[in-house]
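Subject: Structure handover

Hello,

Here is the structure you asked about, with the sequence alongside. My notes on what turned up follow below it.

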Amino acid sequence: MLTQTLNPTYIVIDFDSTFTKVEGLDELAHIALAGHPDRENLVQQIRDLTDKGMNGEMSFADGLRRRISLLSGNRSHIDLLIEYLRTKISDSFQRNKAFIADNTDHIYVVSSGFKEFIVPIVTELGVREDHVFANEFIFDADGTIIGIDEANVLASDGGKIKLLRSLNLTGDVYVIGDGYTDYELRESGLANRFYAFTENVNRPRVVEVADHVSGSLDEFLYDNRLSRSQSYPKSRIKVLLLENVHPAAVKAFEDEGFKVEFVKGALDEDELCERIKDVSIIGIRSKTIITKRVLESANRLMAIGAFCIGTNQIDLETATERGVAVFNAPYSNTRSVVELAIGEMILLIRNIVTKSNQMHQGIWDKSANGSFEVRGKKLGLVGYGNIGTQLSVVAEALGMEVYFYDVVEKLAIGNARKVRSLEELLNLADVVSMHVDGRKENTNIIGKKEFEQMKDGVIFMNLARGHVVDIPALAEAIRSGKVAGAAVDVFPKEPKTNDEAFESELVGLSNVILSPHIGGSTEEAQANIGYFVPGKLLEYINNGSSYGSVNFPEVQLPKLGDSHRLLHIHANVPGVLAKLNSIFAKHHINITGQYLKTNEQIGYVIVDISKTYTEEFIQEIKAVEGTIRFRMLY
Ligand SMILES: NC(=O)C1=CN([C@@H]2O[C@H](COP(=O)(O)OP(=O)(O)OC[C@H]3O[C@@H](n4cnc5c(N)ncnc54)[C@H](O)[C@@H]3O)[C@@H](O)[C@H]2O)C=CC1
Ligand SMILES: O=C(O)C(=O)COP(=O)(O)O
């Protein structure tokens, strides 16, 4: 751990909405007015007065007195408030207790709140009681609050300034707070820097005048290179979620303390290049194309989450070269695609789409002509991966004979039979269904020639990727009657958002089911994906585990114990591990665990070390030739 301490700098910290997540006096009012018929109204009046004072929009001292007169509290309410405040300490203060305890002589809490509830809270985190400056209540004999100690400088306007002047601190003074009165310490010249603290509340007027904005205490400590609990402040980790991913994903990242931006649709390349600049994690679905240019614009990107199965929309090679790990959800929507394929196959073989359209025009055409059962028919699967095999099982349960063609050797499930060529499959199948992945080489693998190889009156389905089928050839095969019915869920060109129009040569053809790429769009699948993908991403970010990544060497790591973890991603060239080890030896770094995995492009080394190291050691590690990315977990 970098062991810089505050000496000789002092930090002055505000209490309400900084040290804790809430305003103590507002909460005291809430407790004291329990059962009062006008409670909500009075508490709101108090909150409004607090806000006005904090924003510098009214005299602080006047507001304080008006708030006290409205709240009608007593000592027992204060006890309850202290209990409550213990649960509302700001997360980043809670995390950095060790810093507070180690620097207790250089930390002051200066607040216009009240000592009666501030002292018990801040001293529990290591602040010295004699370093707490705040107002004090005056109670009557029954313990009812009847006023405030008027002799206390903090009870008057400009109180914090008078107080800080009286402390006569020699050295730099940094103020951390969320309110305008905290800024005034800087304005008065008594403090060198003012850090607007926005973890709990963001007051634009205060942020505007601040020297720095700290979204957490970790950010303050990071910026000042002070010892802290997070190697890089989580509040600075920006997550961009596109294409309306499930709310569970937003929550997972927010709960982690990350900054989340949510966009309903996809973005085009230019927009993406702009938005991705300072993003650490991006979540996409099938419509966002992550090109080389997009990746080159991403200065901080650590990981990409494909909230779907396909990853053909991502330039995986460039991502790997740049040390960006990619994760997807390989099984979460498999079943949804299978169910849709089964439903569509039955509707098409019974000619239901045409019949239904006729009925809507008032035409009653009851006839069995051209209408069949799926039982006993031959289903030809092109691609026998997760979806192909699952469809195989369900189709067999309906009495179909299943045949498949795959470019790699696959275990046949149930009674499914493997055929040796695509042509053989197309020659025999009554229903042809596409389930190949979206690699570039699969472009137009079904075209004019392939349709000619199919049986007359075949049912054709594509729920895989749009570019695998030549659309004009399919349209012609439908018009000629070669294809009796088709279901198409994916298209070479798909609208980016629901506001864009859909155009295709297939529009208007009979017995054709067109759907807007919703094979995997069920509530179940989206919720599964919404939990699964953030889980993988967070494991990678927080622990370094790359298990399940589609482009990184896969490593499943134990939880980080009482050590620091170095994550080193490098080009897969000989000698990197040896160089790293010589640096560890030179700096007498005690290694408690080491893991290495490589793939064709990169090597991923993870080293757990005991907690003492120097900045020079880090610089040497970063300078090892071939280093793509280096980060450290505390
Ligand atoms: N419509 C939708 O909403 C959804 C579409 N998909 C798409 O479905 C497809 C299949 O998904 P999974 O089964 O999960 O993928 P997978 O990767 O498990 O299976 C793909 C299979 O296709 C085989 N294959 C690749 N190229 C081939 C070729 N030219 N000829 C024959 N076999 C070939 C592979 O060897 C592999 O066994 C993917 O393209 C995926 O993106 C997936 C989910 C939802
Ligand atoms: O999972 C896939 O590969 C899909 O095609 C589904 O994509 P989507 O999440 O609906 O954009």
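Please keep in mind that this is a predicted model.

I will start with the ligand. Ligand 1 is surrounded by 30 residues, and the closest of them are Gly310, Gly383, Gly385, Gly519 and Gly520. By type, the shell around ligand 1 splits into 13 nonpolar, 13 polar and 4 charged residues. Two helices, H17 (334–349) and H19 (386–397), each supply at least two residues of this shell. The largest share, 3 residues, comes from H19.

Next, the sheet. Six strands form an open sheet in the order S3-S2-S1-S6-S7-S8, and the pairing is parallel. At its edges are strand S3 (132–135) and strand S8 (212–214), each of which pairs on one side only. From one strand to the next, the twist averages 20 degrees.

Strand S1 (residues 10–13) runs parallel to strand S6 (residues 173–177), and 4 bridges join the two. Within that pair, Tyr10 has Val173 of S6 as its bridge partner. S6 also pairs with S7, again in the parallel sense and over 4 bridges. There, Tyr174 is partnered by Arg193 in S7. Strand S7 (residues 193–197) is mostly covered, with 4 of its 5 residues buried. Helix H8 (residues 115–124) lies across S2 and S3, and its direction makes an angle of about 150 degrees with S2.

Then the cores. In soluble globular proteins, nonpolar side chains tend to be buried together. In this model, the largest nonpolar core has 61 residues. Val12, Val109, Ile118, Val175 and Tyr195 are the residues with the most contacts inside this core. Strand S2 (residues 107–114) gives the most to the core, with 5 residues. To take one residue from the list, Val12 touches Tyr108, Val110, Leu164, Val173, Val175, Leu185 and Ala191, leaving aside residues up to four places away in sequence.

Regards

How values were computed:
Residues numbered from 1 in each chain as written. Chains lettered and ligands numbered in written order. Predicted model: local features only at pLDDT ≥ 70, side-chain atom pairs only at ≥ 80, totals over all residues. Core = buried A, V, L, I, M, F, W, Y, C linked by C-beta atoms within 7 Å. Buried ≥ 20, exposed ≤ 12 C-beta atoms within 10 Å, placed from the backbone. Contact = placed C-beta atoms within 7 Å. Near = placed C-beta within 6 Å. Nonpolar A, V, L, I, M, F, W, Y, C, P; charged D, E, K, R; others polar. Pairing = 2+ DSSP bridges. Axes fitted to C-alpha atoms, helices over the stretch in contact; angles between N-to-C directions.
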